[in-house]
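This report goes through selected side-chain packing, domain and chain contacts. The sequence and structure come first.

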Amino acid sequence: MSDLETFRKDTRAWLEENCPAEMRDGAGGEDNICWGGRNWQFQSEAQKTWLDRMAEKGWTVPAWPKEYGGGGLSKEEVKILKSEMRDMKARSPLESFGIWMLGPALLKYGTHEQKLHFLPPITRGEIRWCQGYSEPNAGSDLASLQCKCEDKGDHWLVNGQKVWTSYADESDWIFCLVRTDPKATKHNGISFLLIDMAAQGVSTKPIKLISGKSPFCETFFDDVKVPKEHAPGIGSIVGDLNRGWDVAKYLLTHEREMISAGGGGLFGGRGMGEIAASEIGLEAGRLADPMLRGKIAQAEIDGWAFLLTLERMKDEAKAGQGVGANSSMLKYYGTEFNKRRFELLMDSGGSEALEWEGERTQDGKLARSWLRTKANSIEGGTSEVQLNIIAKRILQLPGA
Amino acid sequence: MALVLTEEQQMLRDAARGFLDEKAPVSALRKLRDANDETGFSRDLWKEMAEMGWAGILVGEDYGGADFGFVGAGVLAEEMGRTLTASPFLSTSILAATALQKLGGEAQRQEHLPKISTGEAVFALAVDEARKHGPQKTAMKAEKHGNGFKLSGDKTFVADGQVADNIIVAARTAGAPGDAEGITLFLIDAAAKGISRERTVMVDSRGAARLKFDGVDATGDDVLGEVDGGLASLEGVLNAGRAGLAAEMSGAAQAAFTMTMDYLKERKQFGIEIGSFQALQHRAAHLYSEIELMKSVTLKALQDLDEHYGMAGIICSLAKAKAGEVAKLASQEAVQMHGGIGMTDEFDIGFYMKRIRVAQEMFGDAAFHADRLAAMRGY
């Protein structure tokens, strides 16, 4: 038996023994995520057990190095772990911006001491992070951000406002882009700063969205003092001073890949045609609404082609081929496709899909999800920004 | 299997690109058109391709072929699509070779496959009878007559049918038009008594014909596969053709796109390169994304034909539909972005638009394949 086969066998046995039955329902919706953090209320004892056992093993972040609380697994092993978890419909034990965003940034740009200090609490779900990038006047033009960060000797003094900070009201810490050099050109005076949300002067205000939910906040900093070192030898800035844009760019690329991969993942459940068939019915073996049938078939073709493209890009990266800037293409296509998909699901749902409250529709689950997708092509860089990036970096068109 | 070309396949691609750029650029097709060439391709060039192993790319080594698989065949089709190379590659090396390899008896293989490999014999596949693709609608009759059959009916849109030495034809030995059962494939000598052919000059300047079968005699030995083998065996061959056409369209679309991007970078209006206009940049970036999707489905279809030939129907439909739509978009954007010059015959882009339109229609357009996909997926 090869090493990987042995690993698969051991992994399956371990998961069988350690994944609580309640955590094997395949639930992946936003409402079932375990986010962790100081204020986290576990939905069940099983959710806590599952998190603790996986964290102990380093498998909440299986690819991270062991010394920082990860599992130290190779790419192939991570793939096997994921596929085994999928097979038993195991829920993800922990999701967070610490895992998705800050972790990768620290792993690439942080010092060894910063990694040792900040990463393990993320892997155990003890500290929940949020992301402070956009500002009221810095959206697509993110690098024009103005949140002020002044050098006051032993500490930084932060004043300004962030917007679209996901779950800021429930988070413990924030990683932030701040302006440390107002005289430099706009990309060159930004730093990547870590701030404790419990610090004096930090406040948040949830933003209610068209879906009725409030996953985002406004976050305000009024004379917030951030120590230069959070603990001896643990700097509060990641990467070099005034080089925060490098970190941000790296993370934005990473975020785009995640968003587009998520858009594709939704395709894994029941197909649009299957859903429409059960809702509208068939006539002579064909969907009773022929125009909708055609639109769905076209969309399934594009969705399928998109998934295969994700697969090809991954395989090309492994083989050392391909174009780096393709994350913009995947983000653009994946999010636009997801919006199209939900429009078609709303079309097949008809008037029933329009009910906003009540058990029949689980409080308008589809309608709220449909509205949520409209943000897909805005967050992490709008579709138009992605098209600009493709034109500039891949097609190398002039003046872009 | 990783969704990338292997090193061998990449080498084949690079070699093919070098060869075709030199020997078969778009100007070669233009020359054939201007000469109103009845063959529709250069026999000398085809001979050279055969010597490199291209004609027998799908043929087993026992029959003198390269046995390089569908991905290899797709690589060649894509490169020929880039330069719009006129050759009997699709009709002979993909369709006929697949039919013979998958359905032929030993005697048939021994007789025909070596001649495909050497480039001596040109084949054509005759399926459609009406203006839209519909193999299930086959009406052409193959009536029992003594120990054999008599074939009667009309076929249209037969690629290379005007010069083919042999014709593989779908005819009905049982059932009625619309039935999936009762269709049989025959391999007929094109010189057989009772066959008349009319060369059809097509918009893409490639060879094609309408065929008339008037009581053409066929024996049991001429049957390819099983009598009443039905749509299933024909579909396998068509799927190979669809994936090949998808690859060809992918190559043509990429070439048209490259020409267009070059043009956007050099053409100036209002004192500035037109490629600096966001209105054009966003359309170019969208088209780039679509082309990437087309490349992925096409490669997947070819890989699936190699790995699960009998199950590749749905992915081949996917590839044919997607490639058809994307290549159409690429050719339309190419003409529009080139402006007036894109409308001139002197400029090559029109040749791309014309070939893509024909490849799009052949063996089912995007609507045909979207419908087929929906049916296969139960809605």
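## Basis

The model is predicted. Every value below was computed from it.

## Aromatic pairs in chain A

Over all chains, the structure holds 20 aromatic pairs. One of them joins A:Trp35 and A:Phe97: the ring centres are 6.5 Å apart and the planes meet at 15°, so the pair counts as stacked. A:Trp35 belongs to the loop between α1 (3-18) and α2 (45-57) of chain A, and A:Phe97 to helix α4 (residues 97-109) of chain A, so the pair ties together parts that are 62 residues apart in sequence. A:Trp35 and A:Phe97 are both buried.

A:Trp129 and A:Phe175 make a tilted aromatic pair, with 6.3 Å from centre to centre and 45° between the planes. This pair also links distant parts of the chain, since A:Trp129 is in strand β1 (residues 129-132) of chain A and A:Phe175 is in strand β4 (residues 173-179) of chain A, 46 residues apart. The relative accessible area of A:Trp129 is 2%, so this residue is buried. A:Phe175 is buried as well, with a relative accessible area of 0%. Both residues are members of one aromatic cluster, formed by A:Phe118, A:Trp129, A:Tyr133, A:Trp173, A:Phe175 and A:Phe192.

## Charges over rings

Two lysines of chain A are placed over aromatic rings. The charged end of A:Lys57 sits over the ring of A:Trp59, at 4.9 Å from the ring centre. A:Lys108 lies over the face of A:Tyr250, and here the distance to the ring centre is 5.4 Å.

## Domains of chain B

Chain B is divided into domain 1 (7-121), domain 2 (125-228) and domain 3 (232-376). Between domain 1 of chain B and domain 2 of chain B, the C-alpha centres lie 23 Å apart. The contact involves 24 residues of domain 1 of chain B and 20 residues of domain 2 of chain B.

The size of an interface is often expressed as the accessible area lost when the parts come together. Domain 1 of chain B and domain 2 of chain B bury about 1,600 Å² between them, and 55% of that area is on carbon and sulfur atoms. On the side of domain 1 of chain B, the residues that lose the most area to domain 2 of chain B are B:Glu38, B:Leu103 and B:Gln108, which together account for 26% of what that side buries. The number of salt bridges found across this domain interface is 0.

## Interface of chain A and chain B

The contact between the chains takes 43 residues from chain A and 41 residues from chain B. Chain A and chain B bury about 3,500 Å² between them, with 65% of it on carbon and sulfur atoms. In chain A, the residues losing the most area to chain B are A:Ile301, A:Trp304 and A:Arg312, together 18% of what that side buries. Across the interface of chain A and chain B there are 5 salt bridges.

B:Glu292 forms a salt bridge with A:Arg312, in which the closest N and O atoms are 2.8 Å apart. B:Glu292 is located in helix α8 (residues 278-307) of chain B. With a relative accessible area of 6%, B:Glu292 is buried. Apart from neighbours within four places in sequence, B:Glu292 is in contact with A:Thr309, A:Arg312, A:Met313 and A:Met329. Within chain B, the C-alpha atoms of B:Glu292 and B:Thr200 are separated by 34 Å, the two residues being 92 residues apart along the chain.

## Two further buried residues

A:Asp315 is placed in helix α8 (residues 290-318) of chain A. Its relative accessibility is 11%, so A:Asp315 counts as buried, the limit being under 20%. Not counting residues up to four places away in sequence, A:Asp315 touches B:Met1, B:Ala2, B:Leu3 and B:Val4.

B:Val335 is found in helix α9 (residues 313-338) of chain B, and at 11% relative accessibility B:Val335 counts as buried. Leaving aside neighbours within four places in sequence, B:Val335 is in contact with B:Gly342, B:Met343, B:Ile349 and B:Met353. For B:Val335 and B:Met353, 18 residues apart along the chain, the C-alpha atoms are separated by 8.2 Å.

Technical notes. Residues are numbered from 1 along each chain as its sequence is written. Chains are lettered from A and ligands numbered from 1 in the order in which they are written. This is a predicted model: local features need pLDDT of at least 70, side-chain atom pairs count only at pLDDT 80 or more; totals for chains, interfaces and linings use all residues. Side-chain values use heavy atoms; hydrogens and water are left out. Rings of Phe, Tyr and Trp (its six-membered ring) pair if their centres lie within 6.5 Å; planes under 30 degrees apart count as stacked, over 60 as edge-to-face and the rest as tilted. Helices (H or I, at least four residues) and strands (E, at least two) are DSSP runs, numbered from the N terminus. Buried means under 20% relative accessible area, exposed over 50%, partly exposed in between (1.4 Å probe, protein chains only). A charge sits over a ring if NZ of Lys or CZ of Arg is within 6 Å of the ring centre and within 35 degrees of the ring normal. Domain bounds come from an automatic or database domain assignment. Contact means heavy atoms within 4.5 Å. Buried area is the accessible area (1.4 Å probe) that two parts lose on being put together, summed over both. A salt bridge is a side-chain nitrogen of Lys or Arg within 4 Å of a carboxyl oxygen of Asp or Glu.
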